[in-house]
Amino acid sequence: MIRLDHVGKTFSDGTEAVKDLSMEINEGEFCVLLGPSGCGKTTTMKMINRLISLTSGKICVDGVDIYNLDQNELRMGIGYAIQNIGLFPHLTVWQNIATVPMLKKWPKTKQHERAEELLELVGMEPDTFIDRYPSELSGGQQQRIGVARCLGADPPILLMDEPFGAIDPITRAKLQDEFLKIQAKIKKTIAFVTHDINEAIKMGDRIALMRAGELVQFSDPSTLLSSPKDEFVRDFVGADSVLKGLRLLRAKDVMQPPPLTVEVHENPMLVKARMEKDRIGWAMLTEDEGHFLGWVSCDDLQESKSIRDTATPPTVTGTPDTPLNEALSKMFDSAIGNLAILDNGERLVGVLSFEIIRDVLGQSVSEAKVEPCGEEQ
Amino acid sequence: MKRYMTVGLLLALLCGITIWMTSLGQVGIFKMFPPMKVVGAALRHVQIVAVAEVMAVVMGILIGFLATRRTFRFISPVLLGIANVGQTVPTLAFIGIASVLLGMGYNAAVVALFFYAILPIIRNTYAGIRSVDPAVKEAAQGMGMSRQQVTWKVELPLARPVIMAGIRTSAVVNVGTAAVAGMIGAGGFGVLIMTGLAVRVMPIVIQGAAPTAAMAIGLDAILGKVEDWMTPRGLMVLKLAQWQQQ
């Protein structure tokens, strides 16, 4: 647990980077420090491992004032990853990852084993990469090594300063997803600095929004989106905060069972009659107990054709873990405007429609009690 | 490989010329320097260069390193200014001034060469250490390296190729400068060249000039090898990658 108690930092040139900031980051919590550039979020983070000294207040890690600890011991116990990565170009991948174990004087074989373990954790083949040099890696691979390195000696706390900042959006999204999976396993206490509201919503259990050295709002993502404290928060969150809120939900949270499923062997005219009676515009065609084949519209059903021939095959489908923002955009691509949700075995488990999304949006504006994505999985 | 063949051929040629000139024995009324005298001159030449260079390396790296430290950073502009201006002063002037201050002879030559050799070493050490990516240093510090560890494990290994390049430049230039030092009675190949010029006998001039050139070329090749060897492999890979991109 990290506790900041009335922390302040005034630089020697007189700028007040952080003013009287108090906050607590709980054990195992993914806390995002968010704000425009120059708001003091990086300064706040660097005060936790004493890269920047504080001028007033107190910071405690697990109840111990960090200024009662040896500076380097403290830092070895806190993983540190930065935007520019800062890999050592003269050392191999494994030597980079084993930096803190090396400083802690672990035996060489243990350092090597740890590096292999971490490479695997960040999704890189140890045999291929362990003896490479940073200059032989792509930007995304370097970021992965940066993350692996900050986990080197398995510190309980991680400080991360835009660790996915300097890479292309696709790789970034991938690394974010992977890191969330890793975090679900390792449950570190994390202070994560970013200026990207989308990244903050996606990653954080709680978001600390800062402005001009002050903490403006410290709450979980859905609260930040649904009840911004003041005009600044509202502006920062953006006019599309409701849409951003969609990212916090997954298909499985809101999907509904299909109103009507029909099997391929059923008689088209009987199905048609049933649909007309219940006023259902479309049915979902399945085969072999739930294997999804396509959409069946009432108007297309004919006596002479089998149901399979009249069905529209799905162009896109979702999974129960698809975030709602992605699901919504897929729905616009779907011929029928609905999205079939299939599980791993391609079996139909539910359906999303515009009506469902509209209801969800209406709710998330009025009340905010959704779980952030980061805690699931 | 091709590079070493060229160097080897050149060295063989220059040594051959020296031996040939020495074997002439006498040109007109003038006697060539006998083999023992040539060997003696060579040893003296090596001695002047080596003593001045070793002192310059030790002092130069130390001064260049200290200039990058925060405590001494205020003098670094002055220091680098001196290092840059100093290099534009002709070697002859350096040696002249040294001989005026310290008298003719070996000591004055070594002092002059030392001052001339230390300048590129200071400059490269400073530049090499300052060019280390701040993000790399920050990461090192943030992970708990002490200041000494950052210096020894990060800054110096990364600056090593640049420092080594400075040493190589200064050593090779020094071989040539040491020949000029012959003028102030310090010995070395300079004596042969001056004598030959004074009596206008070209074979004697060549007898001194050829081995001087050979020594400079040989030293450059050796130090080039040392430079490669001192460059961390991760940086070689980087250099290679950049080279291939071009």
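Analyst: The following account concerns the open sheet of chain A and the helices that lie across it.

This is a predicted model, in which local features need pLDDT of at least 70 and side-chain atom pairs count only at pLDDT 80 or more, while totals for chains, interfaces and linings use all residues. Residues are numbered from 1 along each chain as its sequence is written, and chains are lettered from A and ligands numbered from 1 in the order in which they are written.

The sheet of chain A is open and contains six strands, in the order S6-S7-S8-S3-S9-S10, with mixed pairing. Strands (E, at least two residues) and helices (H or I, at least four residues) are DSSP runs numbered from the N terminus, and two strands pair if DSSP finds at least two bridges between them. At the edges stand S6 and S10 (214-219) of chain A, each pairing on one side only. On average, neighbouring strands of this sheet are turned by 15° against each other, direction ignored.

Within the sheet, S3 (residues 30-34) and S9 (residues 206-211) of chain A pair in the parallel sense over four bridges. Here A:Cys31 stands opposite A:Arg206 of S9(A).

Two helices of chain A complete the picture. H1(A), residues 41-48, lies across S3, S6, S7 (157-161), S8 (189-194) and S9 of chain A; its direction is at about 150° to S8(A). H7(A), residues 139-150, lies across S6 and S7 of chain A and runs at about 165° to S6(A). Contact between two residues requires C-beta atoms, placed from the backbone, within 7 Å. Axes are lines fitted to C-alpha atoms, for helices over the stretch in contact, and angles run from 0 to 180 degrees between N-to-C directions.
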